[in-house]
Amino acid sequence: MARVRVGVLGATGIVGQRFISLLADHPWFELEAVTASPRSAGKTYAEAAKWYLEEPMPEDVAELTVLETDPEEVEREADVDLVFSALPSDVARNVEPAFAEVGFAVASNASAYRMEEDVPLVVPEVNPDHLGLIDVQQDERGWNGFIVTNPNCSTIQMVLTLKPLMDEYGIESVVVSTMQAVSGAGYAGVPSMAIIDNVIPYIEGEEEKMETETLKILGELDGDRVEFADIKVSASCHRVPVLDGHTEAIFVATEEESDPEEAAEILAGFLGVPQKKDLPSAPERPVVVMEEEDRPQPRFDRDVYGGMAVVVGRIRKDPVFGGLKYVCVGHNAVRGAAGASVLNAELLVEEGYL
């Protein structure tokens, strides 16, 4: 297959750098353009970006000239079909539609358009059929391109574990308490003196995202809209002094009688379209189940399958909700952010949208 030419919007930040790292040797995508703010435009990427990742900056990307985050400039300077958006949500609100209007496919990690009725909010193993909203979006907005979004980092790993349980038992309600890594706030997001020797019991907007995005993702596409799942979700989100990897304690009230041992087999055997289609970024198993009583742990388990899997453990009966309770860990910057957008883009290619 011919390689798809792509760009990264907001390429100098942590999520943008994750995109670049994941795209460096990608078999389907060729990185042709990087954009940033006007103060970085015109510099080489190596000059504009302070590299934060442990792996070195790809040499071919280091020499790319940074463009302004403007669709006309990207059209003029680079031959690109798809752009990955690592933009802050307030910037994405105006910029992403401008790219979609002139014909770019936008695979966005930003929250700006996740809950729009005609914008797919996709986790490929969970709701690949929601890509059907692309046709609705283009018809209603008159765009030549389109926007596809991935969820919030904490939502992604939770819904990957909920989907197989919902299919097997049905779900009435979910209570989740998160312990989220500092990288989720960006490089300068949490001052060291605020988080060292501390837990911060508030992350702005995080609980609302988990409580609403989950219902859209687990909902059913009904014609031109998604019918939200009839599930109650209650989230409490906390920042902890961990570099990468969100940990979540999840309590699920199931509609039918559920069994921890059976649930473990269901989760471990779960496969979605990315696995069946052998998409390049798809983990062999989207959910990995551990039997050790003290796992998963973010330091040891966030990088399973390159950070694209969610690791689950401590599956047991819950005496209060009458269902199940368990712990999961996922890499917030890979499966929870850039990796999710890349997998969405691979699904777009597989389904003929690119």
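Residues are numbered from 1 along each chain as its sequence is written, and side-chain values use heavy atoms, with hydrogens and water left out. Because the model is predicted, local features need pLDDT of at least 70 and side-chain atom pairs count only at pLDDT 80 or more, whereas totals for chains, interfaces and linings use all residues.

Me: Why is Ser 173 called buried?
Reply: Its relative accessible area is 19%, and buried means under 20%, with exposed being over 50% and partly exposed in between (1.4 Å probe, protein chains only), so Ser 173 counts as buried. Ser 173 lies in strand E7 (residues 171-180), and its contacts (heavy atoms within 4.5 Å) include Ile 231, Phe 251 and Phe 321.

Me: How do you know that the buried residues of H10 are on the same side?
Reply: In H10 (residues 260-269), the buried residues are Pro 260, Ala 263, Ala 264, Ile 266 and Leu 267. They cover an arc of only 165° around the axis, which puts them on the same side of H10; the arc is that of the directions from the helix axis to the C-beta atoms. The face turned away from that buried side carries the exposed residues Glu 261 and Glu 265.

Me: What makes H1 oblique to H13?
Reply: The axes of H1 (residues 14-23) and H13 (residues 334-350) come within 9 Å and cross at roughly 55°. Angles under 35 degrees count as roughly parallel, over 145 as roughly antiparallel, 65 to 115 as roughly perpendicular and the rest as oblique, therefore H1 is oblique to H13.

Terms used: Helix = DSSP H or I, 4+ residues; strand = E, 2+ residues; numbered from the N terminus. Axes fitted to C-alpha atoms, helices over the stretch in contact; angles between N-to-C directions. Lists of a residue's contacts leave out its neighbours within four places in sequence.
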